[in-house]
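Student: I would like to learn how to read aromatic pairs in a model. Could we take an example together?

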Amino acid sequence: MMELQEIVKAYDEDIKKGRRCAVATVVHVDGSSYRRPGARMLVNDEGMITGAISGGCLEGNALQKALFAIAKQEPIVVTYDTSDEEDRSIGVQLGCAGIIKVLFEPIHVAKPDNPIELIRKTLKSRLPSVLVTFYHLNNVQNAPTGTFLITAANNLPDPLPAADGQQLNEAISICFSTATSQFTSYNNTHCFIEWVPPVTRLVIAGAGNDAIPLMQMAELLGWQVSVIDGRYSHARPERFSASCQVVVTNAEAAFEKIDVDAFTVFVLLTHNYNYDKAILKWLLPLSSPYIGILGPKKKLNHMLDDLRVEGITISDAAMEKIYGPIGLEIGAETPEEIAVSIIAEIIAALRKKPGGHLKYKPTTIHHSHNTFHNTSAGNVV
C-alpha cells in the first residue's frame with residue numbers, strides 16, 4: 001500500500017507543477033518475476049519515477065515506453081521476456097525467467113476517473129474494491145483499454161467496456177468472494193481483475209518503548225497505526241509519528257474512539273495483565289482477523305481461563321485469530337527484532353500463509369496466473 005500512497009503523492013506534485021505523466025501497471029506474468037500483477041510505477045514527462053514494476057531490470061526501458069505513451073497520449077502494452085538471455089534491450093541473464101506484460105496509460109488530469117484518482121478512492125475506502133484493467137496485446141485501435149473501479153460485486157461500470165458483461169461480472173464476483181485477483185479475456189481483449197483490500201489498520205495496545213519500532217515498521221508498509229494506553233506518561237503524541245493516532249484511555253472505553261473492521265489488527269503489549277484481558281474480552285466477538293498478545297503461553301491461557309470464568313464463550317473461530325506468544329520464531333531479542341517478527345506474522349496471517357522458509361516450499365513462490373478464461377471460445381487459453 002505504501003507504493004500506491006507514494007504514487008498518489010507524486011501525482012499530486014506533478015499536477016501542481018503542470019507535468020504530464022503515465023502509470024505503468026504489470027497486468028500479467030507468465031513464469032517468474034520480481035513483481036506480480038498489480039505492481040505500478042508513475043512516470044512524469046521529466047523522467048522521474050515513483051514505484052517499480054520490477055527489481056530494477058525493466059525500469060530503464062519502461063521509462064522510455066512511458067514517455068512514448070505520454071507523448072502520444074495513447075495507452076500501449078509492452079511484453080518483456082526476461083527468460084530470453086539474448087534480449088539485450090532489457091539486459092542479459094536476468095534470471096527471472098518470466099514473461100511480463102505491462103500496460104502504460106497516460107493520465108488525463110481532466111478525467112475524474114483516471115487511474116490515479118481510482119487508486120486514490122481505493123486508498124480512502126474502508127471497504128474492499130476491485131480495479132478492472134482492460135488491455136489488448138496487439139494495441140488494436142479503439143479496443144477497450146484502461147482501468148475501471150468496481151466498489152461492490154455486481155456493480156459494473158456503465159457503459160461496460162466489454163463484449164461479455166455476464167462473464168466479466170462473474171469474474172468480478174469471484175474476485176470479491178475469494179479475495180483474490182482474477183483474469184479473463186474475450187475476443188483477444190484481456191482483463192486483469194485486481195482485488196484491492198483496504199489499508200491495514202494496526203492498533204497497538206501499549207505505548208511503551210517496544211511500541212515505537214512496531215509503529216515505525218507498520219507505517220513503512222503504509223498501514224494506519226493507532227496506539228492506546230491508560231498512562232499519560234507513555235501515550236504522548238510526541239513519542240510517535242505525526243500520522244499515528246495516540247489515545248489515552250482505559251481499556252473499557254478504548255473502542256469508543258477506535259473503529260474496528262475486518263482489516264483492523266491488534267497487538268496487545270501493555271505489560272498490564274488486566275488491561276490486555278479487558279481489550280481481548282472486547283475483541284473476541286468482533287471481526288478483527290488478528291489479535292497478537294505479548295507474553296508467554298501460560299499468560300494467554302490464564303487470560304482465557306479468567307474470561308471463561310466470567311462467562312465468556314470463546315469459539316474456535318475466535319481462537320484461530322488469537323496469536324500468543326506473538327510473532328514468528330526468528331530468534332528475536334531486541335524491540336526492533338521483535339517488531340520484525342510481529343509484522344511478519346501479521347502479514348502471514350492476513351494472507352493465510354504459514355510463514356515458513358521458502359527454501360523448503362515444494363512449489364513455486366507465487367500462484368500461477370498464466371491462464372485466461374476465454375469467453376468467446378468457451379475455454380481456457
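Tutor: In this predicted model, begin with Phe255 and Phe266, both of which are buried, meaning under 20% relative accessible area, where exposed is over 50% and partly exposed lies in between (1.4 Å probe, protein chains only). Because the model is predicted, local features need pLDDT of at least 70 and side-chain atom pairs count only at pLDDT 80 or more, while totals for chains, interfaces and linings use all residues. Residues are numbered from 1 along each chain as its sequence is written, and side-chain values use heavy atoms, with hydrogens and water left out.

Student: How is a pair of aromatic rings described?

Tutor: By the distance of the centres and the angle of the planes. Rings of Phe, Tyr and Trp (its six-membered ring) pair if their centres lie within 6.5 Å, and planes under 30 degrees apart count as stacked, over 60 as edge-to-face and the rest as tilted. Phe255 and Trp282 have ring centres 3.6 Å apart and planes at 0 degrees, so this pair is stacked.

Student: Which parts does the pair of Phe255 and Trp282 tie together?

Tutor: Phe255 lies in the loop between E12 and E13 and Trp282 in helix H6 (residues 273–283), so the pair links parts 27 residues apart in sequence; helices (H or I, at least four residues) and strands (E, at least two) are DSSP runs, numbered from the N terminus.

Student: Is Trp282 buried or partly exposed?

Tutor: Trp282 has 34% relative accessibility and therefore counts as partly exposed, whereas Phe255, at 9%, counts as buried. Together, Phe255, Phe266 and Trp282 form one aromatic cluster.
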